[in-house]
Amino acid sequence: MSTATSLPLRDVHLPPYPSWWPLPLGWWLVLGVLALVVLALWAWRALRRRRERRWLQLFDTTVEGAAPGTAQVAAIAELLRRAARRRRAGAELLQGQAWLEFLDAPGSRAFSDGDGRLLLDGAYRPTLAPDEVDRLRSLARARFLTLISGRAR
């Protein structure tokens, strides 16, 4: 029989830690779902950008197709009324100052007090300066996009 002093005692050996690679099935599923979410967000943004480009192309071709001056102002007004109708029922029926206030972006009075006032009587003037129409066009183009896409107000 052997004594306690003659036994070779060794330290406790722990098993090795699990490796990170290859990943367990659960982590592959999490990564797959995350990749699908990122892909869906990218596709949604691409679709939204394409839709916005088409709306801006519609705006540009409609305005460029009209005769310079008063016809362009009338085309801009018509496009803004279409976008307003899509945004809020009955908004296309607003007249005068109420119409301009509706077109104002939150925190801005560009239509009520600025270049947008040309919408009230610009289509009825005998002549218009080209720079007035250009300023109205850039202002209306941005507002048209926000109204028709439904991103603001």
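In this predicted model, Leu 80, Arg 81 and Ala 84 of α2 meet Trp 99, Phe 102 and Leu 103 of α3. By class, that contact has five nonpolar residues, no polar ones and one charged residue. The two helices cross in a left-handed sense. Their axes lie 12 Å apart at an angle of about 70°; angles of 65 to 115 degrees count as roughly perpendicular, and α2 and α3 are therefore roughly perpendicular to each other.

What is buried in α3 itself? In this helix, residues 96–103, the buried residues are Trp 99, Leu 100, Phe 102 and Leu 103. They sit on the same side of α3, because they cover an arc of only 155° around its axis. Their packing partners are α2 (70–87), α4 (118–121) and α5 (130–149).

Now for α2 and α5. These helices pack at an angle of about 15°, with 9 Å between their axes, which makes α2 roughly parallel to α5. The crossing is left-handed. On the α2 side, the contact includes Val 73, Ile 76, Leu 79 and Leu 80, while α5 contributes residues including Val 133, Leu 136, Ala 140 and Phe 144. The residues of this contact divide into 12 nonpolar, one polar and three charged.

| Helix pair | Angle between axes | Distance between axes |
|---|---|---|
| α2 and α3 | about 70° | 12 Å |
| α2 and α5 | about 15° | 9 Å |

Notes. Residues numbered from 1 in each chain as written. Predicted model: local features only at pLDDT ≥ 70, side-chain atom pairs only at ≥ 80, totals over all residues. Heavy atoms only, no water. Buried < 20%, exposed > 50% of the residue type's maximum accessible area, 1.4 Å probe, protein only. Helix = DSSP H or I, 4+ residues; strand = E, 2+ residues; numbered from the N terminus. Arc of directions from axis to C-beta. Contact = heavy atoms within 4.5 Å. Axes fitted to C-alpha atoms, helices over the stretch in contact; angles between N-to-C directions. Parallel < 35°, antiparallel > 145°, perpendicular 65-115°, else oblique. Left-handed = near helix turned anticlockwise from the far one by under 90°. Nonpolar A, V, L, I, M, F, W, Y, C, P; charged D, E, K, R; others polar.
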